[in-house]
Amino acid sequence: MTLHRRTWVVMATTTVGALVAPAVGWAQTYPSRPVRLVVPFAPGGTTDLISRIVSEKLSAVWGQPVVVENRTGGGGTVGSMEVVRSAPDGYTLGMATVSTLATHPAVNPKLPYDPSHDFTPISNLAATPNVLVVHPTFPARSYAAFLQELKRRPGKYSYASSGHGGMSHLQAELFKSLTGTDLLHVPYRGAAPALDDTLAGQVPVMIDNVPTALPFIQEGRLIAMAVSAPQRLNTLPNVPTFKELGLPEVNRLAFYGLVGPRGMPRHIVEKINVAVRRTLEDPGVKRHIEALGCWILGNTPEQFTQQMRAEADAYRLVSKKQNLSF
């Protein structure tokens with residue numbers, strides 16, 4: 001895919017030539033100092049790992065350090081606000097996910113930022129599918145039997161999530177709304193403790209990222225019912241996608257995108273986008289990201305903007321239908 005370069009001119013009460021030269025010069029010299037990449041989640045998660053894989057190679061491409069900074073809290077709100085408050089000069093960038101851009105905004109009208117206006121989309125780096133799993137004690141070994149059991153005993157079973165407003169929460173609520181099933185939500189302070197209790201059988205059902213759930217599925221400690229992927233996964237060839245099961249709306253991926261604060265100059269956005277896409281084409285970077293169970297995306301700002309809007313619209317409808325706002 002070719003990215004078309006454009007020259008952007010700012011109009012002011014002075015000569016056009018005097019304004020164009022600094023803008024072009026800025027684009028040519030950027031970055032002339034270290035770039036900060038804010039990750040709104042703790043070290044060790046998929047968002048953090050992708051950030052570090054990309055930042056290491058991007059530092060080499062630019063000849064300037066790209067420093068990963070974890071700013072946790074509020075389900076991604078603290079780190080997101082760090083980006084929003086930064087100068088739009090390209091020296092503070094942020095990692096954005098479905099949770100920070102779509103699901104949390106859908107359930108929290110008091111969120112201190114507006115994802116549709118307060119960020120400059122740069123590129124969606126990668127995406128990973130989620131998987132619906134149950135503990136082996138659950139009385140079903142297939143999706144059909146799982147759905148039949150839920151409908152036979154409404155309200156009997158519960159599901160774990162990474163917290164109120166997270167993607168695992170809203171994707172489960174989307175599933176409930178489309179299937180007419182009744183599951184009790186048990187929110188946790190993060191995906192790790194939610195997964196721990198699902199593995200222990202304290203909560204029988206969960207939707208989790210494939211990379212973290214896969215080892216336990218392979219060991220037989222979790223049973224996979226369905227995946228939210230475009231096609232069946234090579235690692236789980238016998239597990240159907242939600243689309244195959246008649247639920248294409250649930251076939252939503254978790255993604256990891258790069259954003260900046262609102263108002264970034266277009267020529268800086270394009271320069272970052274080109275560098276990021278070049279980075280994602282590196283065989284070593286591709287190998288490491290794909291080893292996490294993710295697909296490489298590396299799209300344009302316009303394509304990323306469309307994806308952001310689509311996720312926001314989908315989860316806003318879920319929140320309204322399921323009365324999830326607080």
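Two rings of Phe, Tyr or Trp (its six-membered ring) count as a pair if their centres lie within 6.5 Å; planes under 30 degrees apart are stacked, over 60 edge-to-face, and the rest tilted. The model is predicted, so local features need pLDDT of at least 70 and side-chain atom pairs count only at pLDDT 80 or more, while totals for chains, interfaces and linings use all residues. Residues are numbered from 1 along each chain as its sequence is written, and side-chain values use heavy atoms, with hydrogens and water left out.

By the ring rule, the count comes to 10 aromatic pairs. Tyr-113 and Phe-119 form an edge-to-face pair, 5.5 Å centre to centre with 70° between the planes. Both residues, Tyr-113 and Phe-119, are buried (under 20% relative accessible area; exposed is over 50% and partly exposed in between, with a 1.4 Å probe and protein chains only). Ring pairs also link Phe-138, Tyr-143, Phe-146, Tyr-157, Phe-175 and Phe-242 into a cluster.

Phe-138 lies in the loop between β5 (130-134) and α5 (143-152), and Tyr-157 in the loop between α5 and β6 (158-161), so the pair ties together parts that are 19 residues apart in sequence. Helices (H or I, at least four residues) and strands (E, at least two) are DSSP runs, numbered from the N terminus. Phe-138 is buried at 2% relative accessibility. Tyr-157 is buried too, with a relative accessible area of 9%.

Charges also meet rings. A charge sits over a ring if NZ of Lys or CZ of Arg is within 6 Å of the ring centre and within 35 degrees of the ring normal. Lys-156 lies over the face of Tyr-157, at 5.5 Å from the ring centre. The charged end of Arg-252 sits over the ring of Tyr-315, 5.9 Å from its centre.

Two helices have a buried side. In α5, the buried residues are Tyr-143, Phe-146, Leu-147, Glu-149 and Leu-150. Seen down the helix axis, they fall within an arc of 160°, so they line one face of α5. The arc is that of the directions from the helix axis to the C-beta atoms. Ala-144, Gln-148 and Arg-152 are exposed on the face of α5 turned away from the buried side. In α10 (residues 283-291), Gly-284, Val-285 and Ile-289 are buried. Their arc around the axis is only 125°, which puts them on the same side of α10. Pro-283, Arg-287 and Ala-291 are exposed on the other side of α10.

Two backbone features remain. Most residues other than glycine have a negative phi, and most peptide bonds are trans. A cis peptide bond, with omega about -10°, joins Tyr-30 and Pro-31. Pro-31 is placed in the loop between α1 (16-29) and β1 (35-39). Asn-323, a residue other than glycine, has a positive phi near 55°. Asn-323 is found in the segment after α11 (301-322). At 66% relative accessibility, Asn-323 is exposed.
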